[in-house]
Amino acid sequence: MGKYILGRILNMIPTLLIVAVIIFLITRMLPGNPAAVMLGPQASAEEIEVLTEKLGLNEPLYIQFFDYIGNLLQGNLGNSLTYNMPIIDLIMERFPNTVILAVSALLIAILVGVPAGIIAARKQNSIFDYAFTTFSLMGVSMPIFWLGIMLVLFFSVNLGWFPATGMGSMDEGIGDFISHLILPSIALATIPTAQFARITRSSMLEVISQDYVKTARSKGLHEFFVICKHAFKNALTPLLTVLGLQISSMLGGAVLTETIFSWPGIGLLIIDAIGKRDFVVVQNMVIFIALIYVVVNLLVDISYKLVNPRIKYSSGKGGTK
Amino acid sequence: MAESQAILQASDVVETNERSLFKKLIRNRFAAFGLFIMLLLILTAIFAPILATHSPDKMNVTKTLLGIGAEGHLLGTDNYGRDIFSRLVYGARISILVGLGAVLFGAVIGSLLGVIAGYFGGKFDSIIMRIMDGLSAFPFILLAITLMSVLGQGLLNVIIAIGIGNIPGFARVVRGQVLSVKQSEYIEVTRSLGAKHGRIIFHHVLPNSIAPLIVYATMSIAGAIISEASLSFLGLGVQPPTASWGSMLQDGKNFLVLNPHMATIPGLAILITVVGINLFGDGLRDALDPKMKV
Amino acid sequence: MSNELLKVENLEVQFKSGSTVTKAVNGVSFTLNRKENIGIVGESGSGKSVTATSLLRLIPSPPGHISGGKILFEGKDLLTLSDKEMRDIRGNDISMIFQDPLTSLNPVFTVGDQIMESIKLHQKVSKKEAKQKAIQMLQLVGIPAPEKRLNMYPHEFSGGMRQRVMIAIALSCNPKLLIADEPTTALDVTVQAQILELMKKLQDEFNTSIIMITHDLGVVWEICHKVLVMYAGNVIEYGTVEEIHDHPMHPYTWGLLDSQITENIEDHEMLTTIPGSPPDLRQEIKGCPFAPRCSYTQDICFSKAPEMVEVKEKHFVACHFQTKENRLNRKERSTHVRAVVKS
């Protein structure tokens, strides 16, 4: 197991290196001098030259690349010119807000999606099951930015229950904090909720008719434990896969959600930086998100072992997928 | 030539499967409904100039923010006085173009890479799949956003940006198929008969990968349509004033109090379209192979 | 304490799907005394497994439903108990083992957890005592190094070993009745014999009665005292093992006996099969359910269902021509035969 984890961590390195290369290539695809683009049309030739020098853009491409990789490896992300602060500080300032939003959305998704899927599987072909299928299909098909707008329209504009934008502050009390959090969390939670529900239902249906579930019943276990202990633990593996996928696509969803609700996380920062044409920030934020994605997937892979003792890990190349 | 006969028979099987596939799809009410929505969308896109009651981009400062049905505007007008219904109809074109274009882009490049990786294996395989891992280490939409921020607005750029994100998925699906087809006997036979690599790939390996590929492509179209709308919503999509459902939503967002249907209608159009495609895709998967998981 | 452990009266089980009703079990009655074993035999689809599963009220519902009859266990009708009371009986007074040991253990829990679960559920013992008991049970069913085996997962056991574990789970609370649903069918022949041997041995130790569901009459002769022959949801013959073995009476039982492979089959002897297939239980059956496949039929067989008659002491048959007054003469061999293929 320890060997496996070490192997997987070593495996992450080439992936992250490729991520860095891809991002480097994308940002250098920019037509013309990035410095000129960043400074905008009003900039003078001297200003552009100064910035070109500062960003090392006058060096040959391969030197630029090695500088960039070298800085990355040292954790030196550089400074943002438009925000006037080190990029690492920007991340530290914004990332916790994204985590708050993502975690509460994830909690909603698990607490609603998983039980709904279990109930739908238990009551297969009932009215609940049909309603469930309809809602979960709508959920996975939902353009979340539109859902966000509809939530604002209904709960903020019409009912006035929750604020439409911004992040509450704990100084104003927990109520203020939560009321700001509710709408964006629901918007971000919709797709994962529907996905969890669908996958839980289908894998529970597969498991529920297995012999060992019958065995559990014949022992005299309460139906609740039969389903939630014996059946559910067997249905967990596909759920974990979807969990990993959803966490990473939530990082993408956060960009849209944060934009709609002006939630000050890294998603909003990226869009903001694109508007300001601060590509250094964009580049580093995207790499940071990729790093989180890779780490989350590693954790998911490791947790497979915890729920399914039959999986054997080879410490050699490749994972279990 | 018993071998070539066996291969001929194999292709016969594929054809009869296709015929009964259509029947199966029609019999599945949900899939038929999905197909209906997709056809409706395609017809709307093709006949947009006939269906549209106004020019989609024509502004009229005297008739801004009209309500539904007011002054001959079926769904009212937006903040520039443009006819919402006509923009919706033309927006279907963008959705279809990007949906099909981006998936085709991803499918062609991804399948090619998948075939190379799966068929030749070894170094090709590990290098290609590593790059695919790298590409899919971003949330799909974030990759598209980053690309668009560099490429700049425009229909072709949107197709490319979303298409690139589609490459790894297709590469994986095709690679998996190639690996399983490669094991099967008749490929061995063909190879022993001295067939060239290219011939084996295009005549035997790819046709056998087609079923899961079609299902995957259908599901991907739904994702691509949502991605396009997201990009346009963020102002990183098609060039204004081109009507896209995403950009219509962005315009509508600022008039929620005055004219809520401006934001409601394009979103509903996206939702219905994506639900339709997903229903069709589910039906297609069930009809082709109930055990297949994409 | 009465000697009668279980008395099943007119048990009926139906499965409903849409508007069609399948009568899977149609009026099954039998009694079982303490320390006595009964075999329920029949082809697949004869209702033997459904009967066994309904005794513990474990028929999946919907679509299944016990539509009539009584299951008197130590005098109490199990069908009138609350869910809670029923759970107290399951795994405690009555336990069950299933056909396929490869699937009947939960793959994601250790063997020890699965044995201790029953013990902790039904007995007021500490975790440590439960563990001791689990080790003791594994030892009893013949699993070497039980302390080590306790922490292993089912996939680390062979099929025969897993069935031993199932038996350990089933017997861990000293049940009065063990329902074994084809416990040896999925196992290798040599392992089958070991498992049967083990069940016989443990039965003496635990004073448990066994209901053995099987299509293998050999198993019945080996360990049972009584036999219930089922066909299409009905009991068609019921009696002591000696009676059924020496004087079978129902044409279907004859067919079953003829189709068994026994050691004394000669090289060129014929092995018979019963022609046709069991009736569709979704249709109303008029007359004797076996009539369409029976080679002794007369008109009455298709119009009137035969009653269960006690033709001799402790020997019941449901056939129009097997009564106290009349006897049917068994034909030498059925006309439908197939050669025993021997290489």
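**Chain by chain**

Author: Chain C has 12 helices and 14 strands; helices (H or I, at least four residues) and strands (E, at least two) are DSSP runs, numbered from the N terminus. The radius of gyration of chain C is 21 Å, close to the 20 Å from the globule rule for 343 residues, so chain C is as compact as a globular protein of that length. That radius is taken over C-alpha atoms, and the rule is 2.2 Å times the number of residues to the power 0.38.

Reader: What box do the C-alpha atoms of chain C fill?
Author: Roughly 65 × 55 × 45 Å, taken along the principal axes.

Reader: Where do these numbers come from?
Author: This is a predicted model, in which local features need pLDDT of at least 70, side-chain atom pairs count only at pLDDT 80 or more, and totals for chains, interfaces and linings use all residues. Residues are numbered from 1 along each chain as its sequence is written, while chains are lettered from A and ligands numbered from 1 in the order in which they are written.

Reader: And what is the mean pLDDT of chain A?
Author: It is 84, and 94% of the residues of chain A reach 70 or more. pLDDT is the predictor's confidence in each residue, from 0 to 100.

Reader: Where in chain A is confidence lowest, and where highest?
Author: Lowest in helix α2 (residues 34-39) of chain A, with a mean of 71, and highest in helix α5 (residues 87-122) of chain A, at 92. Over residues 314-321 of chain A the pLDDT is below 50, and this stretch has nine contacts in the model beyond near neighbours in sequence. Two residues are in contact if their C-beta atoms, placed from the backbone, lie within 7 Å.

Reader: Back to chain C. What is the strand order in the sheet of eight strands?
Author: The order is β6-β7-β8-β3-β9-β10-β13-β12 (chain C), in an open sheet with mixed pairing. Two strands pair if DSSP finds at least two bridges between them.

Reader: Which are the edge strands?
Author: β6 (94-97) and β12 (309-312) of chain C, each of which pairs on one side only. From one strand to the next, the twist averages 20°.

Reader: How do β9 and β10 of chain C pair, parallel or antiparallel?
Author: Strand β9 (residues 226-231) of chain C and strand β10 (residues 234-240) of chain C are antiparallel, over six bridges. C:Val229 has C:Glu237 of β10(C) opposite.

Reader: What does β4 of chain C pair with?
Author: Strand β1 (residues 4-17) of chain C runs antiparallel to strand β4 (residues 64-73) of chain C, with eight bridges. C:Phe15 has C:Gly64 as its bridge partner in β4(C). β4(C) also pairs in the antiparallel sense with strand β5 (residues 76-77) of chain C, over two bridges, and there C:Leu72 is opposite C:Asp77.

Reader: What lies between β4 and β5 of chain C?
Author: Two residues, in a hairpin; C:Glu74 in the turn has a positive phi of about 50°.

Reader: New topic. Which pair of chains shares the most contacts?
Author: Chains A and B, of the two pairs in contact. That contact takes 38 residues from chain A and 34 residues from chain B. The side of chain A that touches chain B has 31 nonpolar, seven polar and no charged residues. Here Ala, Val, Leu, Ile, Met, Phe, Trp, Tyr, Cys and Pro count as nonpolar, Asp, Glu, Lys and Arg as charged, and the others, Gly among them, as polar.

Reader: How many residues go into the contact of chains A and C?
Author: 19 residues from chain A and 23 residues from chain C. α9(A) gives the most to the side of chain A that touches chain C, with seven residues. By class, that side has five nonpolar, eight polar and six charged residues.

Reader: How far apart are the closest C-alpha atoms of chains B and C?
Author: They lie 19 Å apart, and no contact joins chain B and chain C.

Reader: What does UniProt list for chain A?
Author: An unreviewed entry lists "domain: ABC transmembrane type-1" for residues 95-304 of chain A. UniProt positions are given in the numbering used here, feature names are shortened, and annotations may be inferred rather than shown by experiment. In the model, residues 95-304 of chain A are 83% helix and 0% strand.

Key: Axes fitted to C-alpha atoms, helices over the stretch in contact; angles between N-to-C directions.
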